[in-house]
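Welcome to a short tour. Open the structure in your viewer, and keep the selection tool ready.

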Amino acid sequence: MQYSEIRIRVRTQDVDTAGAIAGLVVPYGFYIEDYSDIEELAPQIAHIDLIEQELLERDRTHAVIHLYISPDENPAEAVSFLRERFDAAGISYTVQTDLVDEEDWATAWKKYYFPTKIGERLVICPSWESYAPAPGETVLTMDPGMAFGTGTHETTRLCIQLLEEAVTPGMDLLDIGTGSGILAIAALLFGARAAVGVDIDEVAVRVARENAKANGVGGRARFIAGDLAAKVDGVFPVVTANIVADVIIRLIPDLGRFLTEGGAFIASGIIDARERDVTSALEAAGYRVEKRCESGGWVALLARQA
């Protein structure tokens, strides 16, 4: 079976907006080639010695979005929609189309995922890669899929860095907006006793359960489908929320219901322009920001009761 491939070349500064537009066409059928930060990320890639020179020499001023349209859909309609939206957004672009076999595009994105070290100990490794951990390293197996969170995005990376410092052996964790379950699973691998993950998306909950089982922590992880922490009972020494600023702000007034006294609240998914809104909401609810991390225009905060 052959799919239509649409390749859209845009400037790297436009890739977030362009990717959001592409997601309106095929939410789970595209990937983005973006080499703008390859030098920054290279030292964090566990197999740095295996990175091909050809990758290091790629164009870093432009990104390419690859979309795949099924045979029963009209690629011309997709291209027309994309052109209209890109023009309206003022995005400079070029478009190419081609036909590819299903098995080719289904695995094409795999070459862009490497074992990647985050923080001091954790290595995120796709299942098709083999990796021998160095002393003190912990490997978390995570494949890109239909739920957000593979460890490659700044918001997840920042959250894991703060989580590594906050988790102590034997404690429990609540992860709100769990996505792929990566934060809950990382906490368990760091030594947490148990973790609860909540997501409004049923697909995310299913994927999170599968990921926890694949990492050998399925028996200590519980994933719930629901809005924020509405279905959660009990209190937790650490609560994580890697979502967006508006949802975090809505969550803050209820933190006291499930965060232990003196517990850590780790919030990520905050664009830098909204940081002050989040910190103001925390301060108004009686919390102080204890630590702040930033990368690529994203901010993560660790806060406790003042």
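How many disulfides does a search of the whole structure find? The search finds zero. A disulfide is a covalent bond between the sulfur atoms of two cysteines; here the test is a pair of cysteine sulfur atoms within 2.5 Å.

Before you select anything, two notes. This is a predicted model, in which local features need pLDDT of at least 70, side-chain atom pairs count only at pLDDT 80 or more, and totals for chains, interfaces and linings use all residues. Residues are numbered from 1 along each chain as its sequence is written, and side-chain values use heavy atoms, with hydrogens and water left out.

Stop 1: Select Cys 293, which is in no disulfide. The nearest cysteine sulfur belongs to Cys 159 and is 9.6 Å away. Cys 293 has 13% relative accessibility, so it counts as buried (under 20% relative accessible area; exposed is over 50%, and partly exposed lies in between, using a 1.4 Å probe and protein chains only). Now pick Cys 125: this residue is also buried, with a relative accessible area of 4%.

**Stop 2: the whole chain.** Zoom out and switch to a cartoon view. The protein has 10 helices and 14 strands; these are DSSP runs numbered from the N terminus, with helices (H or I) of at least four residues and strands (E) of at least two. Of its 306 residues, 47% count as buried.

**Stop 3: two helices.** Select helix H1 (residues 15–25) and helix H4 (residues 75–89). How do they pack? Their angle is about 150 degrees and their axes are 10 Å apart; the axes are lines fitted to C-alpha atoms over the stretch in contact, and angles run from 0 to 180 degrees between N-to-C directions. H1 is therefore roughly antiparallel to H4 (over 145 degrees; under 35 is roughly parallel, 65 to 115 roughly perpendicular and the rest oblique). Show side chains next: among the residues making the contact are Ile 21 and Leu 24 of H1, and Phe 81 and Arg 85 of H4. Contact means heavy atoms within 4.5 Å.

**Stop 4: Glu 77.** Stay in helix H4, where Glu 77 is found. Is Glu 77 buried or exposed? Glu 77 counts as exposed, because its relative accessibility is 56%.

**Stop 5: a loop.** Finally, select Leu 228, in the loop between strand S10 (221–225) and strand S11 (236–242). Leu 228 has a positive phi of about 50 degrees although it is not a glycine. With a relative accessible area of 15%, Leu 228 is buried.
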